[in-house]
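Please look over the sequence and the model below before reading on.

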Amino acid sequence: MYRFLLTPRWWGINVFAVLAIPFCVFMGSWQLGRFEDRVDSHQQQADRAAAAETAAARPLDSLLPVDQVTSGRQARARGTYDARHQLLVPDRTLDRKAGSRPGFYVLTPLRTDGGKALPVVRGWLPGDADNPADTAEVPAPPTGEVTVTGALQASENVGTSGVRSGGGLPAGQLGMISAASLVNIVPYPVYDAWITLGETSAPLKAVPPAAAEGSGLDLKAFQNLGYTLEWFVFGGFVAFMWFRLLRREVEAARDAALGIGADVAEGEPEGVPAG
């Protein structure tokens, strides 16, 4: 009854199923592993962020370049605020969620003894960076040489939430916090990093540090989970179709052995009852 499995047609079906099902299982397992890696990375980053809140601040240069390990760590730098090149970063929220109260960051470069400047986000204010009444609330930075301590952050890019990379902003505003964005605004080199102060002066509110890029449960993580489901579904579908074809062939062979369906009208397709 199962001799049809040795026909060329079924050889092709069997080879396809034998190759496709393990491949789908492998790809689904690989995507699931990617999702689990992102979950582990997210938890590790959360643990590092919690530890960074109580850890002693380290000199800025010892934490560079910024990576997933040093992002969020407390960094310490000494220098003088450059109030002449203070910038406002518009359309920012404190929790980076849609629907949150809009406002703007206050960024002041800190000229360090090493010659480079460190972008320092001194805090956040609600309102519109284009409204003089709102910007009048911005307090002046401290004068003289100061030591600042804040959470270290990597330079933003076009994929960072809240970034305005299209340009067209008025003087005194910055759409993306990065050395590349500041190079044509300030007359001195800038660190490829920035810090957000944990302690601010009223009415500024401290900007919480963001998780390192690629360490959170972002859209890519849930795409991996979706691909996992798709690959397992594909593998299950191949197995289902193989079993369905097998059962149909077995039933056809059984019917033929019993003489059922042997009298097929001439010229009619096989399997269609004669009218």
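The secondary structure of the chain comes to four helices and seven strands, where helices (H or I, at least four residues) and strands (E, at least two) are DSSP runs numbered from the N terminus. Read from the N terminus on, the elements follow the order α-β-β-β-β-β-α-β-α-β-α. This is a predicted model, in which local features need pLDDT of at least 70 and side-chain atom pairs count only at pLDDT 80 or more, while totals for chains, interfaces and linings use all residues. Residues are numbered from 1 along each chain as its sequence is written, and side-chain values use heavy atoms, with hydrogens and water left out.

Of the 275 residues of the chain, 34% count as buried, a term that means under 20% relative accessible area, whereas exposed means over 50% and partly exposed lies in between (1.4 Å probe, protein chains only). The chain exposes about 16200 Å², of which carbon and sulfur atoms supply 59%; accessible areas come from the Shrake-Rupley method with a 1.4 Å probe, and for residues only the protein chains shown count as cover. Among contacts (heavy atoms within 4.5 Å) with a separation of 6 or more, 69% are between residues 24 or more positions apart.

Strand β7 (residues 193–197) is mostly covered, with five of its five residues buried. In a regular strand the side chains alternate between the two faces of the sheet. Two strands pair if DSSP finds at least two bridges between them. Strand β5 (residues 117–126) pairs with β7 in the parallel sense over two bridges, and V120 has I195 as its bridge partner in β7. Strand β6 (residues 145–154) pairs with β7 in the antiparallel sense over five bridges, and here A151 has T196 as its bridge partner.

Which residues does T228 touch, not counting those up to four places away in sequence? They are G28, Q31 and L32. T228 itself has its place in helix α4 (residues 219–257) and is buried, because its relative accessible area is 5%. A polar atom of the T228 side chain lies 3.0 Å from the backbone nitrogen of L32.

L6 is found in the segment before α1 (8–54) and counts as exposed, because its relative accessible area is 62%.

Note on methods. Polar contact = N/O pair within 3.5 Å; in protein donor to acceptor, adjacent residues only side chain to side chain.
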